[in-house]
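Please keep the model open while reading.

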Amino acid sequence: MATNMKLSELTRRDFIKGSAGLSFAVAVSGTGGLLLSSPANAQRAGSNISAWLSIASDDTITILTPGAEMGQGSMTSVPLMWAEEMDADWSRVKLDWAPADKSIYGYGSGRRRSMAIVGSRAVRSYFNIMRTAGAQVRKVLLDTAASEWGVPVSELKTEPSVVIHPSTNRKMTYGELASIAQVPESMPEVSEADFKKPVQYRLIGKSQPRYDIPAKVDGTAQFAMDVKLPGMVYASTVHSPVQGGLPLDWNKTEVEGMKGIKQTIKLPDGIAIVGDSFYNVMSARKKLNVDWDNAQARRFNSEETLDNDYAMVHADPSAASTTVFEKGDADAAFANANKVYREEFKSDYAYHAQMEPLNAIARFNEAGDHVEIWDGTQSPDRTRSNVAETLGFSEDQVAVNQCYMGGGFGRRSLGDYAAEVALIAREAKKPVKLIWTREEDIAHGMFRPQNFQCLEAALDDNGNVAGWRHCVVGDGGSLLSGGMSIDLYYKVPNQFIDRRGASHNVRLKHWRAVAHPFNIFAIEEFIDRMAVAEGIDPIAFRMNNMNITPRGRRVFEKVIDMSGWGRAPASDRALGISITERSGSLGAAVVEISLNESLGKINVHKVWMAVDGGLIVQPDAARANIESGIIYGLSSILHERVTVKEGAVEQSNYHDYQVMRMSDAPEEIHVEFVDSDEKEPTGLGEIGNPPIASAIANAFFNLTGKRLSHMPFTQDRVKNVLSA
Amino acid sequence: MVQFTLNGNPVSLDVDEETPLLWAIRDHVDLNGTKYGCGAGLCGACTVHINGRAMRSCSIKVGDVVNTSITTIEGLSPDASHPLQKAWVAEQVPQCGYCQSGQIMKAAELLAENPNPSRDEIIRHMDGNICRCGTYNRILAAIERAAMEG
Ligand code: FES
Ligand code: FES
């Protein structure tokens, strides 16, 4: 009934062959990608090629988008930047997924070349690639028209998908030009002067509907979960509930004798059950009994460790420390301080809880030396390399078909479950769809690390913050330290910022905005406490005593204006404010809360956020992305915590890992952009969630006179704080 | 053989009657718009209409829907023209989109019985459906728009 293979049936070769008209390919040289005028030219040059954009004679333009789509809108925004610069008629642009080949479709150079859509990178990393390619294609089309009409190219202009010679009123569409184009051997050079000025933009800055949305309201969007191949069987894996445990033995005969079960397969870290339907596989899961070798890992208890051990690591002068940022002479600033402040904070493990449980599909060829993968992935290139490595294949032996992601939030950039389905399919000798149950997705989750933080500030004789120390303690290395650097908005002259390690054998991963959520919480809550202790209005303190940058000042001023900060809210309500930086963007948020004291429940009524996001390519999609980040932040701060007991994750589904529902969402969310000095886009996917915790904690203080120091602010914790 | 009506068409499936309706629809009929989110009646991603009531297909055995009439997102309208679907596009509601079939089916039940719901009625009705991407404010706006534009 449903067509499951819409996108996957399009191989790269079909794409080139099938596109009558003009194709623009990309050849890869030592220095990176180089746009070529046709696949044929590229082939002559002996390069690794693929059509990236093609113009058909009917004026349809097809662009392969490298913007992996998890709801943030980049599958649309990335190719739209190309269409803008070539002056394409966006209503005639079709999109398809770019293949998983970072040498062609990636950004960055050398070892950093990647297709990973992580760290709010999509729009900002592809901006210059897309607009350069767009300007080059436009030049080819202009040159073609000039020679066809025998007029100087300088007399021509373009309207969407049309070249025009105004003085003779001649016009040719891009499709007409594509069928006659005499394309040069190499693409024309373009420089800054060739790019459109922002006032000339027809698409950038003007919200276009997202390309993926129609398929997401009628059930036709293809997630990996929806792929069905002929002869496909289903699998689910049970991993050791204790991280790092190894399977020793299991009730193989019993499980394999169950209805519809074909086999059980021992994997390095679990047992996979393969059967003819997912229902039968799930039934067998319930009967599976595995002996695990996990004596070592049994000891870890997350709450005990967070409560007792991390503060000791921080207090231990001989504990190993990694410097995150250093500036001036922090020790001297503290030695000469007029006053010193010090505060401690804690934060729990958090789970991505993306709506689509992890899954992937693998199909080997007859000979078993080539595998095709279907994966909704933030990093198709990483899926490809991880599958290849796991199988002992070269990357040429692996093809990856991109699918929509039912949420990513940092979890879907590894290709770990794709590698797992590849191992299973090799054993099963059939196409396999692997689905982790929700329970498995949590039990074998990869989490935002729990941590302890200590912040110290030294005030000079004028009451200005002259010295700053911030130490984070936990497991996860650099997963702990993002967002610790305040230098983008508070230029405190003397700073020492470090992290100290612990190791617990808990799987960790980037989580939306990575370490910013807990670090920004600690930083901005700390500053608020200092301001109050100094008897200075928290905004005035940030503006006057923190050496704030002009950019920081602007987002604060904007959000103050938006929220009417300074007005007296209703007597049962309070406002709180916070700032954050992330991926080149800067954002300031104000929240308005009330409190149900007997339940310990914080209600967030309104959120205002002012963002400096550089050049805003798609304002409505950008706003939607930030709204999403705000809710993600609220959800994690009010509800979400993972705990580990005896080495095993205690939560198992949405009943004990609570995420925000509609009744808890704020009544109003207002997002606005400030005029930016930045000429290029900066990241927006993760600017929404980091400032929320401290804004809530500050509002909570304004309402109750009490301070919150431990994320999340669960109802029990709030009640404890209120009664303390 | 289990027989019921699906999106107006008679269906008869040779499946174990214990199979959750969700997997019968997805894996045996190959209609994939109805999603698996939790498998435990907690998230609403699997919401379908059974005789006009929004139900969680992950928690209903296919054997229990014999002779009922079931509607999935694919059957809500032939061409995405249901007022909710149009409003969902107009408000640019979906982020990842994975929860949205369930959201729309749940909202369709509301508008069928209450064409002009208040904000509180919308929230109460929709509160069981999780959207991890946090599109709640846009869902609300879209339901209000659909109610208005009908
Ligand atoms: S999948 Fe049925 S309620 Fe979550
Ligand atoms: S749109 Fe992603 S879960 Fe709702």
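Which side chains meet in a salt bridge at 2.9 Å, N to O? Those of B:R145 and B:E91 do. This is a predicted model, in which local features need pLDDT of at least 70, side-chain atom pairs count only at pLDDT 80 or more, and totals for chains, interfaces and linings use all residues. Residues are numbered from 1 along each chain as its sequence is written, chains are lettered from A and ligands numbered from 1 in the order in which they are written, and side-chain values use heavy atoms, with hydrogens and water left out.

**Salt bridges within a chain**

- A salt bridge is a side-chain nitrogen of Lys or Arg within 4 Å of a carboxyl oxygen of Asp or Glu. By this rule there are 53 salt bridges over all chains.
- B:R145 and B:E91 link distant parts of their chain, 54 residues apart. B:R145 sits in helix α6 of chain B, and B:E91 in the loop between α3 and α4 of chain B. Helices (H or I, at least four residues) and strands (E, at least two) are DSSP runs, numbered from the N terminus.
- B:R145 is partly exposed, at 26% relative accessibility. Buried means under 20% relative accessible area, exposed over 50%, and partly exposed in between (1.4 Å probe, protein chains only).
- A:K196 forms a salt bridge with A:D87, with the closest N and O atoms 3.0 Å apart. A:K196 lies in the loop between α6 (174-180) and β9 (233-239) of chain A, and A:D87 in the loop between α3 and β5 of chain A, so the pair ties together parts 109 residues apart in sequence. Both A:K196 and A:D87 are buried.
- A:D487 and A:K327 meet in a salt bridge at 2.8 Å, N to O. A:D487 is in the loop between β21 (465-474) and β22 (494-501) of chain A, while A:K327 is in strand β14 (residues 321-327) of chain A, 160 residues apart. A:D487 is buried, with a relative accessible area of 12%. A:K327 is partly exposed, at 22%.
- A network of salt bridges links A:E343, A:E524, A:E525, A:D528, A:R529, A:R542 and A:R707.

**Strands**

- In chain A, β4 (residues 61-65) runs parallel to β5(A), joined by five bridges. Two strands pair if DSSP finds at least two bridges between them. A:L64 stands opposite A:D96 in β5(A).
- Four of the five residues of β5 (residues 93-97) of chain A are buried, so this strand is largely enclosed by the rest of the structure.
- In chain B, β1 (residues 2-6) and β2 (residues 9-13) run antiparallel, joined by five bridges. B:L6 stands opposite B:N9 in β2(B).
- β1(B) and β2(B) form a hairpin with two residues between them. In the turn, B:N7 has a positive phi of about 50°.

**Contact between chains A and B**

- The contact (heavy atoms within 4.5 Å) takes 67 residues from chain A and 54 residues from chain B.
- About 4,700 Å² is buried between the chains, and carbon and sulfur atoms give 57% of it. Buried area is the accessible area (1.4 Å probe) that two parts lose on being put together, summed over both.
- Seven salt bridges are counted between chain B and chain A. In one of them, A:K228 joins B:D30, with the closest N and O atoms 2.5 Å apart.
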